[in-house]
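Please look over the structure shown here with its salt bridges and strand pairing in mind. The briefing below is grouped by topic.

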Amino acid sequence: SSSSSSSTSLSIVAKLSSESQVFYTLPVEVGTPPVPVQLAVDTGSADTWASNMAYSPERSKTSRKTKDDKFTVTYGMGSISGHEVLDRLCIGDDVCTPDLGILSVTESSGIPPLGTFYDGLFGLALPPTSELGPTGEKHTFGSELLHTRDSLKFGLCLRNFNSSSESLFIVGEMEEVLEEGRNCTQGGPGVTIPVQAFAGAYKYWMVLTDVTVGQVEALQKVPAYALLDSGTTFLGVPITLIVQLVVGILPESSRPLCGSFMGALACRCDANVNELSFSFKGSDTLLEVRLMQEDLLTNRVRAKQMNTGEYLDICRLAVQPVSLGGSQPFILGDTFLRHTYLVHDLKNMEVTIFPQPEDRSSVSSFNAFLQNDDQPLNELFLAASLFAGLAVLACLAAGPLATLCLEAAEAREVLLDGCGVAGARGSSEDPESQVPYIQVSE
């Protein structure tokens, strides 16, 4: 990467939208003449793409096809396909990348519907993560930023969906990023930590952290890798630690109030949970980010208990098991990121983490997807990941809450009698087809 000697100011403060209450979108303009699109910010992947309904390369005077222009990119449970072009993308008036690799998506599967709250994805992970273009010729936002001026940083400040404060994406020199993001911090020093290699390469904004769960002695200050990912709403926990961690989060008195369904764990919203914290060590400072009940129990819905007819407030536990290979990192999604202001340094391969001012609002919900808040909610949407899709849950599959069903408006015919043990994704006669989450016991 090369550095430009220009002294021209290259900085921007862009407000992020969170209307979907699932992800945060950045308004950008693509092509010539410029076309406005809303892209979900994702620090967990490096590729940028947009629906061809929102951005058509054929109509842009500045778009150029790449040598191998047909690509398919896979994310978790979904994928996209289309043609890559190089084109101009601008954030505001001052930050423009003239040759950004952009996938014009013609097919998608398993991802949240395009066009309602977002038109595509803005990839902010390290350039080697990109699946577009040949090796050594990556045209990601990160590589273009380094080529323009390698001293530029970008900051990400995410707020609670119902917060009166604004979520921000900031680009500039370190002093500018700190000054413009001052309202996102408590005013104290941040912790600067190096990015760690993943599977032998620097691909993600992955750092070292110490994890502490409640009073569980086995999970006191456990060193771990953590991948900082704004494209994920939850906390991903290494599959080797998920049982210990959930048992540590849920006191014994709360476990009868929880159950697993469709691969996720839900509890009554009044269940007590223990605190989960992540500590980060700088050269002379230590930062601890603590997640409390209002962070760990999310997506409140009203659900009907079929055996009694009683309606209960049910929340999803904001942890999911993940397995990403040898490093076995935690994935720290928006649940964590809303407590921090992160400054990303591509040149020095560092992340500076600042604590946000305490803004503990109420549990976020998916009311934006529902037409009538005065009625018992009929659908429960899980934001397991930006690309895990939005699942309509019909029944709890197992656990003490197995008799709790949701009357899914478009799936009434598939509701199982009494919410059988296997739930909607398996057969009770075939144990292998069931999707167990964890055994919540010591």
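In this predicted model, Asp150 counts as buried, since its relative accessibility of 13% falls under the 20% cut-off. Its salt-bridge partner is Lys347, with the closest N and O atoms 3.9 Å apart. Lys347 lies in the loop between strand 23 and strand 24 and Asp150 in the loop between helix 1 and strand 9, so the pair ties together parts that are 197 residues apart in sequence.

**Salt bridges**
- Lys347 itself is partly exposed, with a relative accessible area of 48%.
- The count of salt bridges comes to ten, and one of them joins the side chains of Glu173 and Arg149 at 2.9 Å, N to O.
- Because Glu173 sits in the loop between strand 10 (167-172) and helix 2 (174-180), and Arg149 in the loop between helix 1 (141-148) and strand 9 (153-157), this pair ties together parts that are 24 residues apart in sequence.
- Glu173 is buried at a relative accessible area of 18%, and Arg149 is likewise buried, at 9%.
- Asp313 forms a salt bridge with Arg300, where the closest N and O atoms are 3.7 Å apart.

- An open sheet is formed by six strands in the order 1-10-9-23-24-11, with antiparallel pairing.
- Its edge strands, each pairing on one side only, are strand 1 (12-16) and strand 11 (191-194).
- Within this order, strand 23 (residues 340-345) and strand 24 (residues 350-355) pair in the antiparallel sense over six bridges, and Asp345 stands opposite Glu350 in strand 24.

Terms used
Residues numbered from 1 in each chain as written. Predicted model: local features only at pLDDT ≥ 70, side-chain atom pairs only at ≥ 80, totals over all residues. Heavy atoms only, no water. Pairing = 2+ DSSP bridges. Helix = DSSP H or I, 4+ residues; strand = E, 2+ residues; numbered from the N terminus. Salt bridge = Lys/Arg side-chain N within 4 Å of Asp/Glu carboxyl O. Buried < 20%, exposed > 50% of the residue type's maximum accessible area, 1.4 Å probe, protein only.
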